[in-house]
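Here are my notes on this model. Please read them with the coordinates open.

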Amino acid sequence: MMNYLILNLVFLMIILVLNYSIYFLSFLISIEYLIVMILFYLVLMDYNGFLYFIYLIYSVCESVLGLSLLVSMNYEYGHQKINFLNLA
């Protein structure tokens with residue numbers, strides 16, 4: 001039962017992140033919340049300890065990349081609004 005609750009929270013958070021994030025920093029905070037929720041799911045499923053270590057390495061690399069993009073975007077454009085970006 002707890003597995004489904006965590007997975008539902010993850011999917012709900014993904015929907016909220018994609019629909020209601022205006023600023024890049026709030027988007028990064030939401031993504032970090034998703035990373036913590038997935039880590040709790042891995043702990044709950046009792047996977048191998050080495051998998052936790054690899055997952056934490058990737059999540060730290062992702063957060064460093066996101067913060068460096070935030071700093072460079074603030075330097076280049078002067079603000080952090082996501083809707084200003086054209087990713088197409």
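1. Terms for the core. A nonpolar core is a set of buried Ala, Val, Leu, Ile, Met, Phe, Trp, Tyr and Cys residues joined through side-chain atoms within 4.5 Å. Buried means under 20% relative accessible area, exposed means over 50%, and partly exposed lies in between (1.4 Å probe, protein chains only).

2. Basis. This is a predicted model, in which local features need pLDDT of at least 70 and side-chain atom pairs count only at pLDDT 80 or more, while totals for chains, interfaces and linings use all residues. Residues are numbered from 1 along each chain as its sequence is written, and side-chain values use heavy atoms, with hydrogens and water left out.

3. Overall make-up. The protein chain has three helices and zero strands. Read from the N terminus, the order is α-α-α. Helices (H or I, at least four residues) and strands (E, at least two) are DSSP runs, numbered from the N terminus. Of the 88 residues, 25% count as buried. The chain exposes about 6800 Å², and carbon and sulfur atoms supply 73% of that area. Accessible areas come from the Shrake-Rupley method with a 1.4 Å probe; for residues, only the protein chains shown count as cover.

4. The core. Which residues make up the largest nonpolar core? There are twelve: Ile6, Val10, Met13, Ile31, Leu34, Ile35, Met37, Leu39, Tyr41, Leu42, Tyr52 and Tyr55. Helix H1 (2-20), helix H2 (24-45) and H3 each give two or more residues to this core. H2 gives the most, with seven residues.

5. Contacts. Contact means heavy atoms within 4.5 Å. Among contacts between residues at least 6 apart in sequence, 59% join residues at least 24 apart. Val10 is one to inspect: not counting residues up to four places away in sequence, Val10 touches Leu34, Met37 and Ile38.

6. Leu7. This residue is found in helix H1. Leu7 counts as partly exposed because its relative accessibility is 30%.

7. Surface patch. Leu5, Leu9, Leu12, Leu16 and Tyr33 form a nonpolar patch on the surface, with about 410 Å² of accessible area together. Patches take residues with over 30% relative accessible area and no salt bridge; like charges are joined within 9 Å, nonpolar side chains (Val, Leu, Ile, Met, Phe, Trp, Tyr) within 5 Å. A salt bridge is a side-chain nitrogen of Lys or Arg within 4 Å of a carboxyl oxygen of Asp or Glu. H1 supplies the largest share of the patch, four residues. Tyr33 is found in helix H2. At 37% relative accessibility, Tyr33 is partly exposed.

8. Is Tyr58 buried or exposed? Tyr58 counts as exposed because its relative accessibility is 60%. Tyr58 is found in helix H3 (residues 49-77). Ser59 is also in helix H3, but at 8% relative accessibility Ser59 is buried. The Ser59 side chain reaches the backbone oxygen of Leu56 at 2.9 Å. Leaving out residues up to four places away in sequence, Ser59 touches Glu32 and Ile35.

9. Glu62. This residue is found in helix H3. Glu62 is partly exposed, with a relative accessible area of 29%. Neighbours within four places in sequence aside, Glu62 is in contact with Ile31, Glu32 and Ile35. The C-alpha atoms of Glu62 and Ile35 are separated by 9.9 Å.

Terms used
A polar contact is a pair of N or O atoms within 3.5 Å; within protein, one must be able to donate a hydrogen and the other to accept it, and residues adjacent in sequence count only if both atoms are side-chain atoms.
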